[in-house]
Amino acid sequence: MNKLFAIILLLSSFLFYTAQAEDIIAGQVWEYKTRPQESDSKLTVLRVDKNENFTIISVSLDGLKIQNPYSSTGYGNEIGHIPITKEMFLKSTTKLVGATVISPSQLDGYQTWLDAYKANQGGVFTLSIAECVTVVEESINQGNVDKVE
């Protein structure tokens, strides 16, 4: 009987988490599988967009330690916008930890990406969030992005 109760409890916990994870909305704050040096980093959902093939989750990240030669400290601590597939978002996130209100200024990077995406000049990451951070960091250090502090 104890085994049956444990199985039911385990399954109900999984179903509750899955239902929560499927309801991704702007303003949610999540913990995710971070790079080792950024264990306190969190992500915020900026927008959720659907196209004919998949759902795109646009997020911002804070609590990072990105090498950035354009910063006076040599490091950046946030990324304002990363578009990622819902599949990779769900594989990367670990816990919904809060919610916030998204200000219009937080959507500047999103709007720039959306304009490019609609013109077939912008893409969507199909990597884990931690891998996306590494790609952005490498791009900054190779001079492949606008100089930002």
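The protein chain exposes about 9300 Å², and carbon and sulfur atoms supply 55% of that area (Shrake-Rupley method, 1.4 Å probe; for residues, only the protein chains shown count as cover). The model is predicted: local features need pLDDT of at least 70, side-chain atom pairs count only at pLDDT 80 or more, and totals for chains, interfaces and linings use all residues. Residues are numbered from 1 along each chain as its sequence is written, and side-chain values use heavy atoms, with hydrogens and water left out.

**Exercise 1. The chain as a whole**

Describe the secondary structure pattern of the protein chain and state what percentage of its residues is buried.

Solution.
- Step 1: The protein chain has four helices and five strands; these are DSSP runs, helices being H or I with at least four residues and strands E with at least two, numbered from the N terminus.
- Step 2: Along the sequence, the elements follow the pattern α-β-β-β-β-α-β-α-α.
- Step 3: Of the 149 residues, 33% are buried (under 20% relative accessible area; exposed is over 50%, partly exposed in between; 1.4 Å probe, protein chains only).
- Step 4: Of the contacts between residues at least 6 apart in sequence, 62% join residues at least 24 apart (contact means heavy atoms within 4.5 Å).

**Exercise 2. The sheet**

Give the strand order of the sheet, name the strands at its edges, and trace the pairing of β3 with β4 and with β2.

Solution.
- Step 1: Five strands form an open sheet in the order β4-β3-β2-β1-β5, with antiparallel pairing; two strands pair if DSSP finds at least two bridges between them.
- Step 2: The edges are β4 (75–85) and β5 (93–99); each has a single partner strand, so one side of each lacks a neighbour in the sheet.
- Step 3: On average, neighbouring strands of this sheet are turned by 35° against each other, direction ignored. Axes are lines fitted to C-alpha atoms, for helices over the stretch in contact, and angles run from 0 to 180 degrees between N-to-C directions.
- Step 4: β3 (residues 55–67) pairs with β4 over eight bridges in the antiparallel sense. Ile-57 stands opposite Ile-84 in β4, and Gln-67 has Tyr-75 of β4 as its bridge partner.
- Step 5: β2 and β3 also run antiparallel, joined by eight bridges, and form a hairpin with four residues between them. Here Val-48 stands opposite Ile-57 in β3.

**Exercise 3. Helix α4**

Which strands does helix α4 touch, and which of its residues are buried?

Solution.
- Step 1: Helix α4 (residues 129–141) packs on the sheet and touches β1 (28–32), β2 (42–50), β3, β4 and β5; its direction makes about 60° with that of β3.
- Step 2: The buried residues in α4 are Ile-129, Ala-130, Cys-132, Val-133, Glu-137 and Ile-140.
- Step 3: Viewed down the axis of α4, its buried residues fall within an arc of 155°, so they line one face of the helix; the arc is that of the directions from the helix axis to the C-beta atoms.
- Step 4: The cover over these buried residues includes β1, β2, β3, β4, α2 (86–92) and β5.
- Step 5: Just after α4, Gly-143 has a positive phi of about 75°.

**Exercise 4. Thr-126**

Is Thr-126 buried or exposed, and which residues does Thr-126 touch?

Solution.
- Step 1: Thr-126 sits in the loop between α3 (108–118) and α4.
- Step 2: Thr-126 counts as exposed because its relative accessibility is 55%.
- Step 3: Leaving out residues up to four places away in sequence, Thr-126 touches Thr-85 and Met-88.
- Step 4: Thr-126 and Met-88 are 38 residues apart in sequence, and 6.2 Å apart in space, C-alpha to C-alpha.
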